[in-house]
Amino acid sequence: MTASATTADVKGFLALELSAGNVPGQAALRPADAAMLVERVGRDLATLVPAIRDLDLTLAAAHFDPAEALRPGWPLHRRLEELHQRAPGRNSGPRMIAFGADERGEVPQPFAADADLAGGPLRVLPFMLSGEDHTVSEVAERLEAVLLETGMAQADTALLAQQAFGAQIEHARYLTLHDLAAMTAMQYGHGGLEALWPIIETALLAPEQEEWLDAPPEPLLRYSGGEVHIALFEPSAWRARYAPQESTDERLERAYNHFLARQQQFAAVLEAHGIPVTFAHCAGYADPREALGQA
C-alpha cells in the first residue's frame, strides 16, 4: 500500500489460472467488455469488504505474467495511478474505471504485455482501490486477511473473463500484492529457485538495501543500487570455488556447463522481474566478493 497525506491506494489483482497449454485469444478487452468486467470485480470485492463501495476501483482489463506485476516500483500499478488521476469524474463519488484495448481491439503501450513472458499458466489483471486514507487502511487490512482464503471470483465474473479474453479458465480469484508475491515465492521454491527469491524480494520491497546470494553451489550474486551483479568466473576460478576436490575432466566440464546454465537461468528470471543484470569478470587470483563489491 502506498499513501499520501489524505489519500492512499490498495494494489491487487484478478488472477486467472488457465487450463494447461491454453493461451488467451485477446490481450486486452474493448471498452464495453472492460466496463462490464470492472463492475463485476467491484461487486465481488464489495461483497467481501463492504467499505470498498466508498473507494474508486481502477482496473487494467489486460492480462500479464506475474513477473511483470512484481517489478521494482510496481510499474503496472503506477500506470493505473497515472490514468486514474487523469480520469474524469473526480470529486463526484466513488468511480469504477477500466482501461484496456480501444474500439478496434488495439492495446495501448501502457498495457501491452511482454510477449516473451506469454504462455504461462497464471495471468493477472492489476487493479487499484483509491480513496481516503482511513478507508483505504481499513480495506487493506481486511483484504490481506480474507482474500487468500475466500477471494474466489463469482461464477459470472469468471465466465465473463473467459468469454471476453477467449481463454479456458480453471479458476479466477482475487489477490493482494503480498498474496501474489507469496504465491510466486512458493512457486519458485517448488521450481528450485528458492535461493534467488531473497534477491528479488529485496529489489521489490527494500531497493535501497544490499543483498547477497553467496551459497555454493549456486552462482554468486550481489544486489545493490537497483541492479544485480553476477560473478563471471574463469574456469580455474570456478574450480577453486566450486569443485576443488574434483579431478575428472569430464565431470568438471559437465559441472561447469551446468553452472553456466544456472547463471543464465537466474539472469533470465531477474530480468523478467525488471531487475537489470550485469556480469562481473572474476579472475582466478581475485576474491570474487571483492570483485562484485566494486562492480
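D54 counts as exposed because its relative accessibility is 55%; the classes are buried under 20% relative accessible area, exposed over 50% and partly exposed in between (1.4 Å probe, protein chains only). The model is predicted: local features need pLDDT of at least 70, side-chain atom pairs count only at pLDDT 80 or more, and totals for chains, interfaces and linings use all residues. Residues are numbered from 1 along each chain as its sequence is written, and side-chain values use heavy atoms, with hydrogens and water left out.

D54 sits in the loop between α1 (31-48) and β3 (56-60). Helices (H or I, at least four residues) and strands (E, at least two) are DSSP runs, numbered from the N terminus. Neighbours within four places in sequence aside, D54 is in contact with P94 and T135; contact means heavy atoms within 4.5 Å. D54 and G93 are 39 residues apart in sequence, yet their C-alpha atoms are 7.9 Å apart.

## Salt bridges

Side chains of opposite charge can pair when their charged atoms come close. Here a salt bridge needs a side-chain nitrogen of Lys or Arg within 4 Å of a carboxyl oxygen of Asp or Glu. The count is twelve. R43, D44 and D156 are linked in a network of such bridges.

R71 and D114 pair at 3.9 Å, N to O. R71 lies in the loop between α2 (66-69) and α3 (75-86) and D114 in the loop between β4 (96-99) and β5 (122-132), so the bridge ties together parts 43 residues apart in sequence. R71 is buried at 19%. D114 is partly exposed at 28%.

## Two bridges to the β7–β8 loop

R289 and D214 meet at 2.9 Å, N to O. R289 is in helix α10 (residues 288-293) and D214 in the loop between β7 (211-213) and β8 (221-224), 75 residues apart. R289 is partly exposed at 35%, and D214 is partly exposed at 32%.

R262 and E218 also form a salt bridge, at 2.9 Å, N to O. This pair joins helix α9 (residues 249-272), which holds R262, to E218 in the loop between β7 and β8, 44 residues apart. R262 is buried at 15%. E218 is buried, with 15% relative accessibility.

## Helix α6

Helix α6 (residues 177-190) has 14 residues and should span 20 Å; its end C-alpha atoms are 20 Å apart, which agrees. The expected span is 1.5 Å times one less than the number of residues.

Buried positions in α6 include L177, D179, L180, A181, T184 and Y188. Just after α6, G192 takes a positive phi of about 80°.
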